[in-house]
Amino acid sequence: MGFTMLTVINGNQSSESEFHVVPTNFPIIGDGISGKPFLTENQIFIDVGKGEITSKLDDVTTIPATCETIIPVDVSDLQIQEHQSILVYAQNINNEIICGNILNKVKNHQILISIINPTETQIVVPTPKLTVITRNNK
């Protein structure tokens, strides 16, 4: 048993992280052990219920060619409470990416939006952040 330092690349970020090495007959299910230092340094979130591993260091989103997909929008910079409903009007994210109308609730400091990449190439965009809220009280 021992450890090794590996470079972990996550989006545009890279960091050196310590990984423990164990023999193949070590009594665990799986092929490796990630310790708390790795999880903390890379701001890793593990959602066992959803089967997802995400990182707050993800600062870009890759949108496949000719695809409609759902991506998160970070709302952590705003004073928005969890489960508050937000309406996002259809708009262009950039020259190629189109966001559709969406009404969604804040969960884990983000909302999910539907976007379309009508081009023939995948596009990498900065992960969107909601920075302004306009209230319409009619």
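Which residue forms a salt bridge with Asp74, and how many Å apart are the closest N and O atoms? I found that the partner is Lys129, with the closest N and O atoms 3.7 Å apart. I counted a salt bridge where a side-chain nitrogen of Lys or Arg is within 4 Å of a carboxyl oxygen of Asp or Glu. Asp74 lies in strand S6 and Lys129 in the segment after S12, so the pair ties together parts that are 55 residues apart in sequence. My search of the whole structure gave 1 salt bridge. I noted for myself that side chains of opposite charge can pair when their charged atoms come close.

**Ground rules.** The model is predicted, so I kept in mind that local features need pLDDT of at least 70 and side-chain atom pairs count only at pLDDT 80 or more, while totals for chains, interfaces and linings use all residues. Residues are numbered from 1 along each chain as its sequence is written, and side-chain values use heavy atoms, with hydrogens and water left out.

**Exposure of the pair.** I then looked up how covered the two partners are, calling a residue buried under 20% relative accessible area, exposed over 50% and partly exposed in between, with a 1.4 Å probe and protein chains only. Asp74 is partly exposed at 21%, and Lys129 is also partly exposed, at 44%.

**The chain as a whole.** I listed 1 helix and 12 strands, taking helices (H or I, at least four residues) and strands (E, at least two) as DSSP runs numbered from the N terminus. Read from the N terminus, the order is β-β-α-β-β-β-β-β-β-β-β-β-β. Of the 138 residues in the chain, 23% are buried. For contacts, meaning heavy atoms within 4.5 Å, I looked at those with a separation of 6 or more, and 51% of them join residues 24 or more positions apart. The accessible surface, from the Shrake-Rupley method with a 1.4 Å probe and, for residues, only the protein chains shown as cover, comes to about 10,100 Å², of which 53% belongs to carbon and sulfur atoms.

**A sheet.** I traced an open sheet of 4 strands in the order S6-S11-S9-S8, with antiparallel pairing; two strands pair if DSSP finds at least two bridges between them. Strand S6 (67-74) and strand S8 (91-92) stand at the edges with a single partner strand each, so one side of each is left without a neighbour in the sheet. Inside the sheet, S9 (residues 98-99) and S11 (residues 110-117) run antiparallel and are joined by 2 bridges, and Cys99 stands opposite Ile115 in S11.

**Another pair of strands.** Strand S5 (residues 60-63) pairs with strand S12 (residues 123-126) in the antiparallel sense over 4 bridges, with Thr61 facing its bridge partner Val125 in S12. In a regular strand the side chains alternate between the two faces of the sheet. In S5 I found Thr61 and Ile63 on the covered face, and Val60 and Thr62 on the uncovered one.

**The core.** Which residues touch the most other members of the largest nonpolar core? Among its 18 residues they are Ile80, Ile86, Val88, Ile111, Ile113, Ile115 and Leu130. Such a core is a set of buried Ala, Val, Leu, Ile, Met, Phe, Trp, Tyr and Cys residues joined through side-chain atoms within 4.5 Å. S6, strand S7 (85-88), S11 and S12 each give two or more residues to this core, and S11 gives the most, with 3 residues. Leaving out residues up to four places away in sequence, I saw Ile80 touch Val75, Ile86, Val106, Leu130 and Ile133.

**Loops.** His83, in the loop between S6 and S7, has a positive phi of about 70 degrees although it is not a glycine, and at 54% relative accessibility His83 counts as exposed. His109, in the loop between S10 and S11, likewise has a positive phi, near 60 degrees, and is partly exposed at 42%. The loop between S10 and S11 also holds Asn108, whose C-alpha atom is separated by 7.0 Å from that of Glu82, 26 residues apart along the chain.
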